[in-house]
Each structure stands twice: as C-alpha cells, then as structure tokens.
Amino acid sequence: MQDHRKLGRELELFGSDPLIGAGLPYWLPDGAVVRHALEEYLREVERHAGYQHVYSPVLGKRELYEISGHWSHYREHMFPPMNLGDEQVVLRPSLCPHHALIYRSQARSYRELPLRIAELGGMYRSELSGVLGGLTRVRSIQLNDAHIFCTIDQVAAEASAALALIRAAYRDLGIQPVGYRLSLPAQQGEYVGEPAMWRRAAELLTGVLDDAGVDYRAEAGEAAFYGPKIDVQIADHAGRESTLSTIQVDFHQPAQFDLHYVGSDGAQHRPVMVHRSIIGSMERAMAQLIEIHGGAFPAWLAPTQLAVLPVSDAEVPAAQDCVRQGIAAGLRARLVAPSQGSLGARIRADRRVPYQAVIGEREVAGRQVALRLRNGHRPAALPVTEAVAGIRANVVARSVDLWAATDRE
Ligand SMILES: [Zn+2]
C-alpha cells in the first residue's frame, strides 16, 4: 500500500494550502468526482433502506452543545465559540443535536418509528496541527451520518440492518476491515447516564455482533461519552488502525432533548437514538480507497472510466464519436489524443483507468474498438455501441470484476 498523501498529489485528487490552513484540504476535480460517486451511492442505499435525508447548518448555539453534553465532555475537540451579538455560536462537533431537534420539531407517534434521518454533513474538530496531514486527520469533516429514532424493541433490528449496510458497502468498495470492535466505557471516566442503560446498550450491541457472526473484540475505554458502540476498524498503509464505520446506542441525548413519541397506549414514551455511519467521513473513506486500490478505483468510482485512444490523428474523429457515445451512456469518458505521446506511453499513463478503447485504422473501418481492461483482459474487437453498453453494465452493477456483468449477459 502507498501513502494516500503521495498518491493524492500524484493523481491530483486533493491538495492543501498553508493559507487555507493545516487540516483543511480541498478536493481537486478528479477527487471530487470520486467523492460525488460515493455520496450518490450512500444516498441511494440509504433511500432504499428507508432513510430520509435532511440538511442542517454546521453551526449551533453553545447552549445546544451544553444540552447534548458535548460542551462538558468533548470541548477540547471543539473549536472555540464565536461571539455573535450577545450569544455564542460554535462549529458543530457532531450532527446528533441538530437531528434530535428535527425529531422534536413535530409530535411523533409510534407509527412513525423507526424514524431514520440521514445527512452527509459538515462537522469540525480542533485537531492539533502536529498530527494533521492528508485526509486522515482533518479539522473539517464531511460525515456520512444518520440517527435512527426508535423504540427499545427496535434497536437490535435497526443496528443489525446498519451493520449489514456497512458490510455491503465494504464489498462494493473493496474495503477489508481489520476487525470489529465492541467499544465499552473505561472503568473510570467521564460518562453520562445510568450504569443500567450502559449495560442494556452493550447487551444489544453484543447481540448484533453475535447474530452477524463476525469476530470482534471488546475494548474498554473506546465508548462515546453517551454510550457504547460497534466500531469497524481499518488499517492504513503504515498499519495504523482507525475507525471507519460505527453504530452507537444512545439513551442519553433523547433524555437531554426530552424527546417523546405517543405509544399505542396513548401515553408519552422516550425513543432511543441509534447513531450510525456506513463509511464514516468522506475524507477517511477516500484516504482508505486511495491506499487499498493504489489509485485504481473500482470502475463505478473511477474519475475516468473510459479513455479512448486513437492510434493516429486519422482516427481522432472516430475516437471523439466513441467518447460522445460513452458520455451519452452516463460514463466518464475522455479522449487521449496522439499529441499526448506514443500509444504505448498513453496506455501506461492511463494504466489506472479501468477501460481503454484503442481505435486504429482497422477499427475505424469496422466501426469497432479494441478494449484493453485494466486487469489485462482484452475482449475481441467490439462495435462501439456494444463496448459502451458492456462497460455501462459493469459500472451500473458496481461490479468489482471489470467484465463480469457482460459475461453474464
Ligand atoms: Zn450522532
């Protein structure tokens, strides 16, 4: 595995500038394309799983985080408050309080539960500048977040479904977790809530891991201040472990924000909040994807999916037509003209592109292309329309195998 910082520069995926500040990277066009594809993927799988998407602001009044508990338990990771007239606002350290207020914005019935609220939203962490670099330790984070408001009896099924979404996403993205962790509180520490609630939450999460049949280790001292969690761990190029995905059971914030629903008995009840993230932050997920794939992303994520290479200037019009057909089919296709070097040099330069279509004299005559797949596979020359349809089928299927969907047809 290569360091994502080096590859990120080399492949022009992201960058930074001291004038913007440490830990505040920007995403260049090719990196932004990958991120956009990831975001679309997340919204699609979440929509299918019954989540509703919202937007909420990245700022909130200091009082909001005093109520949630962040102000007293998490302040060293938060940016200092900004004075605004006679009140103070802070850059949010998490999305939970906003989502709790969205839940509270109307009366809720048990019939609406589980209510799954999702957002790809910004949050901020005041990391020390010494540990910053690349996309893994950043001060500005785009989180793939969701909160499920449900009854206690629904927690296990909701947490299990969230774990299934995480595992499916890892398959689609080619990510291998290094382990699952049941993160429990330390013997001593600053936690909120009753010991009985913590035990109940830990039991529920243990059941979820046991039912999924995954190996996991329990670790004291890794819980959130408001509850235990399941963490899915990944490793970077240097073998450093970090958490990418998480599922948390929280009895505390629903009580702090005085959340209710009307039960089938007509009485008021308190919901439980399940916090979950399928692939964590866009930044950390991108760093992991760059490293594990060496910049050769799965076809559905690749910045360029189809590079069209005319052998000489005579084939440029046919190649342009192939690019147009690719784009019309929804592919990210581009021309790599003879002016950019010999055919061999162009093939090498674009070796991370999943599909290359070479067009020479013979292909022009037959309105065909000679496909070269990144994995070395070379299907027989195909009509342009068939080649584009075959690539599209694999991209739409989010196939890890570059030509699998086509073979099945
Ligand atoms: Zn949360």
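Tutor: In this predicted model, an open sheet is formed by 5 strands, arranged in the order β17-β16-β18-β19-β20, and their pairing is mixed. Strands of a sheet pair through backbone hydrogen bonds, either parallel or antiparallel. At the edges of the sheet stand β17 (333-335) and β20 (382-383), each of which pairs on one side only. The partner of β20 is strand β19 (residues 368-373), and the two run in the antiparallel sense over 2 bridges. One of the residues involved is Gln-368, whose bridge partner in β20 is Pro-383.

Another strand, β14 (residues 268-269), contains Gln-268. Gln-268 has 11 other C-beta atoms within 10 Å; a residue with 12 or fewer counts as exposed, and Gln-268 is therefore exposed. Apart from neighbours within four places in sequence, Gln-268 is in contact with His-260 and Val-262. The C-alpha atom of Gln-268 is separated by 9.7 Å from that of Tyr-110, although the two residues are 158 apart along the chain.

The crossing of α6 past α7 is right-handed. On the α6 side the contact is made by Val-155, Ala-156, Ala-159, Ser-160 and Leu-163, and on the α7 side by Leu-204, Leu-205, Gly-207, Val-208, Asp-211 and Ala-212.

Definitions and conventions:
Residues are numbered from 1 along each chain as its sequence is written. This is a predicted model: local features need pLDDT of at least 70, side-chain atom pairs count only at pLDDT 80 or more; totals for chains, interfaces and linings use all residues. A crossing is left-handed if the near helix is turned anticlockwise from the far one by less than a right angle, and right-handed if clockwise. Helices (H or I, at least four residues) and strands (E, at least two) are DSSP runs, numbered from the N terminus. Two residues are in contact if their C-beta atoms, placed from the backbone, lie within 7 Å. Two strands pair if DSSP finds at least two bridges between them. A residue is buried if 20 or more other C-beta atoms lie within 10 Å of its own, exposed if 12 or fewer, and partly exposed in between; C-beta atoms are placed from the backbone.
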